[in-house]
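Subject: Handing over the two-chain model

Hello,

Here is the structure I promised you. Please have a look at it first, and then read on for what I found in it.

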Amino acid sequence: MAVKKFITGNFYDEEVLFPAVKKARRAGYRIHEVFTPFPIHGLDKAMGLRDTSLHTAGFIYGITGTATAVGFITWALTVDWAINFGGKPFFSLPAWIPITFELTVLFASVGMVLTFCYLCQLAPFVKKDHFNPRSTDDTFVMALETTDKTNEEEVIAFLNNIGAKEVSVEYRETGWWLGRYDKDRKVFHKD
Amino acid sequence: MSSSIREQFVIPKRYNMIAVALMVIGVIAIGALYITHGASKDHHESARFWASLLQNSVYFLLVVNASMFFICATTLAWGGWPLVFRRVPEAISAVVPVIGVICFAILMAITFGDNHTIYHWTDAEHVKHDEILDHKSGFLSKGFFTVMTILTIGLWSLLGWKMRKLSRSLDNNPLPGIEEGKKYIWKNTVWAALYLIVFALTVMSSIPWLWLMSIDAHWYSTMYSWYTFASTFVAGMALIALFVVFLKNNGYLELTNDEHLHDIGKFMFAFSVFWTYLWYSQFMLIWYANIPEETVYFKPRAEGPYSGIFWMMFIINFIAPLLILMRRGSKRNYTTITFMALLIIFGHWLDFYQMVFPGPSPDHVPMILYDFGVALGFVGLIMFVTGRALTKAPLLAKNHPFIKESVIHHT
């Protein structure tokens, strides 16, 4: 499994973080991720992240739910087991709308939760690594990606310069579970 | 906030010209309708004239009144985001007294006139032999109708005026401190709550029963008022969106941006779905139970001569907003929002059309072009009065305690 090097800067203040993100991007660094203890409005824009495709997925799940409901009820009540309900025609669409609606919502919501977990790489027993545990508490951690040619000293100096209070070099195993810190601190840290 | 903001709205010449032209079209349409139908000795013929006036005046009155509901609901929820464009719904709600007087005159003429085709329950002779209407005569009586109508239009106008006055009271004297700000917000909250109580007792319950549902006096639906409210509220939001886009295109409302337009779009989207929910709930329960005294309402509408309007309205008011306004980008696009706002206002106007006309004219759909003409007249009136109201106060409520929240608003 390949091991990747990251250089992280720990910021203590949002007001410093925003310009820092912009400066890092302007300087040409590639930001792997910014870890924050709470959602920060506008940070996605500052980082240049594209819009999430979660809502497109949600729409497709919803349509699937609608089709499933209408399709199944139609088959069940007109073909497979046609029953006369109060003299109504077998194909009684108005009566099926509530169930169609419910199934649309069910498919869309369950599907979107699972897709969200996939996009955020969340699963039971997977511990996400955010490089510094303090990013779950009171500080903001920006992780920069590096290549073989990266000059480590220069990046550290740059991060210090744009307002990072703590800077460190981290090594993580690549993959979608990127870095489970209970494990790879021990195994992959190159001293 | 920079001092270069254009706070004072100046009415463009073309704007007034269009407004006056539309009003002239309206007057011509009313005149033509009066000559062809209104003056007729046949009560069914002249009822068509009054039905057109009733539909248009009630619809546009409820639509402009929805602006004040929007202001009061956001005030009560302590929502700060609409403040950068708050003067727009304020100006629209200034139309309420004007259309209110027109609407009142029309309602009184229909109630106290000798033509009982629209409101059967006004015919005392008929009610005597009609057990159902006789039972309802406490509620459906000329006295109660008049008192409720006066109270409703009066209180909407009065409380709306009070809310506008509170908002403008800060324009020239900023609040000195936080304590005064809290007091100001509290005062706003109390008046907004009063307005909402009146609103709940009128638009959300009794008024649509009296003004519209009593056209089909034997029939009743508890969902009716909510459905009417949803209809006019979504059209009211569309009207606010139109004015915001108009002002933005003319270089005003610098602090209103895509984020605010996005939220107005969300209201248009959400309440289109809400309207459908109520519309469908009313329809489905009656369809399911299939009791003749209830289905009589839907017979001319869903299956009879009005079925074209009925189902077209469903497409315009539900399918189109659902699919077109769902995307984030379309709620931030001026062209899409303008198009959808016009479509929604038209769609709910059609909704009112099929609420009112199957009563006096159950066998055939009247020539709808006349009613378009009358509607354009009311649109011109709304443009004219709103434009004048916009000039009377700065376009930015800059001293409101929540203004910063609105300026930095982010969806």
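One convention before the details: a crossing of two helices is called left-handed if the near helix is turned anticlockwise from the far one by less than a right angle, and right-handed if clockwise. Helices (H or I, at least four residues) and strands (E, at least two) are DSSP runs, numbered from the N terminus.

This is a predicted model, in which local features need pLDDT of at least 70 and side-chain atom pairs count only at pLDDT 80 or more, while totals for chains, interfaces and linings use all residues. Residues are numbered from 1 along each chain as its sequence is written, and chains are lettered from A and ligands numbered from 1 in the order in which they are written.

Confidence

The model scores ipTM 0.82 and pTM 0.89. Chain A averages 85, and 90% of the residues score at least 70. Within chain A, confidence is highest in helix 3 (residues 54-80), at 95, and lowest in helix 6 (residues 181-188), at a mean of 39. Please take care with residues 179-191 of chain A, where pLDDT stays under 50. The model has 18 contacts beyond four places in sequence for that stretch; two residues are in contact if their C-beta atoms, placed from the backbone, lie within 7 Å.

Chain A

Chain A has an open sheet of four strands in the order 2-3-1-4, with antiparallel pairing. Strands count as paired if DSSP finds at least two bridges between them. Strand 2 (31-35) and strand 4 (166-173) of chain A each have a single partner strand and stand at the edges, so one side of each is left without a neighbour in the sheet. From one strand to the next, the twist averages 25°; angles run from 0 to 180 degrees between N-to-C directions, and axes are lines fitted to C-alpha atoms, for helices over the stretch in contact.

Going through the pairs, strand 2 and strand 3 (residues 140-145) of chain A are joined antiparallel over four bridges, and A:E33 stands opposite A:A143 in strand 3. Strand 1 and strand 3 of chain A pair in the antiparallel sense over six bridges, while eight bridges join strand 1 to strand 4 of chain A, again antiparallel.

Helix 1 (residues 14-26) of chain A lies across strand 1 (3-11), strand 2 and strand 3, running at about 10° to strand 3. Helix 5 (residues 152-161) of chain A lies across strand 1, strand 3 and strand 4, at about 20° to strand 1.

Chain B

Chain B has 17 helices and zero strands. Its C-alpha trace spans about 70 × 45 × 40 Å along its principal axes.

Helix 2 (residues 43-76) and helix 16 (residues 368-391) of chain B come within 10 Å, axis to axis, and cross at roughly 35°, in a right-handed crossing. Among the residues that meet are B:F60 in helix 2 and B:F378 in helix 16.

Between the chains

Five residues of chain B are in contact with five residues of chain A. On the chain B side, they divide into four nonpolar, one polar and no charged.

Best wishes

Definitions and conventions
Nonpolar A, V, L, I, M, F, W, Y, C, P; charged D, E, K, R; others polar. pLDDT = per-residue confidence, 0-100.
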